[in-house]
Amino acid sequence: MSDSKDIYVLPGDGIGAEVMAPAVAVMQAAAELSGCRLQVTEGLVGGVAIDATGEPLPEATLAAAQAADAVLLGGVGGPKWDDLPMTQRPEKGLLGLRQGLGLFANLRPALLFGPLAAASSLKPELVADLDILIIRELTGGIYFGEPRGVEQRDNERVGFNTLVYSESEIERIARVGFDLAQKRNRRLCSVDKANVLEVSQLWREVVNRVHSDYPDVELSHMYVDNAAMQLVREPKQFDVIVTGNMFGDILSDVAAMLTGSLGMLPSASLAASGVGLYEPVHGTAPDIAGRDLANPLATILSVAMMYRYSLGMAEAADRIEAAVASCLAEGYRTADIDDGNGRKRVGTRAMGELVLARL
Ligand code: NAD
């Protein structure tokens, strides 16, 4: 492969810049090894953007993100900006970016590298080498449905929200589920609450209809309450899970905790236009920022996802994931994943260099 890809990098606040530096170095080295030229541009979002321009999402940032092949983000927010009004906070930058890019599918892998199995709250044999992918619909459902509000009815206030999904929204996210299941172990579990909710009955009907285009994928359906139980009972039964916005919000956090550490979790959000936003699940960790303590692996693994899902370069993704696995197998640990059993403790920069050396 010899073409060029435009990557827009937004380090953001707190540990963002610290974890981004090694991730960009790994990204560039992996591109070189695959014969791909990367055009890397850096921009401002969140608190650093507020400080420089007064806006959490400057127009130039959104325009550059829309023009890129993929966007890599560190994180936004921190105590410095906590007292600003809601509409001017750093988080608005991230929400605006998600909206402006039309990101409707959130991909959260729960991947547990064997050497870290002891960090999980579940028994190691239940989670060692866990590799599941949760796909959450991101722009619809109860978080955005109308009508919504709090109003006076009779003698008391009543709060209400609406869980709404159209056929086209369901079909769009179902196709992402089937497409990604085809690239993995060909098993898709659709999670809903069809025993109680009409919207879930429609969800199930549409997912079944889309299934006829993917005869090579095994489809199952599960109620969300059972899915929550199964995720902690026998998580390895799953390959890909697809679900709506609120169910996905909750289940992806359950799955995240199966893997033990926030510092290890990557994520991706995809748009119909093809552009993808890649970011670690963790925030800006102000408590450890600027001290070379942050684990850069979640951001480095987000780069691997970027190669796999936006750039169509699975071999670069495999290479990065294998390099991370080697570092862990050799006993290198940042503070957050160090169980104290004689591991080799390293900081952010050193961990980045170790991954680079193993690419
Ligand atoms: P956090 O994820 O930043 O931190 C939670 C805990 O995990 C902290 O103890 C932190 O030190 C630790 N941690 C997080 N990432 C780590 C890493 N890579 N290596 C080692 N330890 C790590 O969540 P929080 O404390 O709730 O929020 C802090 C700030 O981050 C807030 O301003 C919040 O709004 C923001 N935030 C941003 C995003 C985002 O940009 N996507 C997500 C969550 C939180």
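Modeller: Start with contact, meaning heavy atoms within 4.5 Å. Leaving out residues up to four places away in sequence, Val9 touches Met20, Val24, Met27, Val40, Thr41, Glu42, Gly43 and Leu72. This is a predicted model, where local features need pLDDT of at least 70, side-chain atom pairs count only at pLDDT 80 or more, and totals for chains, interfaces and linings use all residues. Residues are numbered from 1 along each chain as its sequence is written, and side-chain values use heavy atoms, with hydrogens and water left out.

Colleague: Is Val9 buried or exposed?

Modeller: Buried means under 20% relative accessible area, exposed over 50%, partly exposed in between (1.4 Å probe, protein chains only). Val9 has 1%, so Val9 is buried. Val9 lies in strand β1 (residues 4-12). Strands are DSSP runs of E, at least two residues; helices are runs of H or I, at least four; both are numbered from the N terminus.

Colleague: How are two packed helices described?

Modeller: By the angle between their axes and the distance between the axes. Axes are lines fitted to C-alpha atoms, for helices over the stretch in contact, and angles run from 0 to 180 degrees between N-to-C directions. Helices α11 (residues 314-329) and α12 (residues 348-357) pack at about 120°, axes 8 Å apart.

Colleague: Which residues make the contact?

Modeller: Ala323, Val324 and Cys327 of α11 meet Met351, Leu354 and Val355 of α12.
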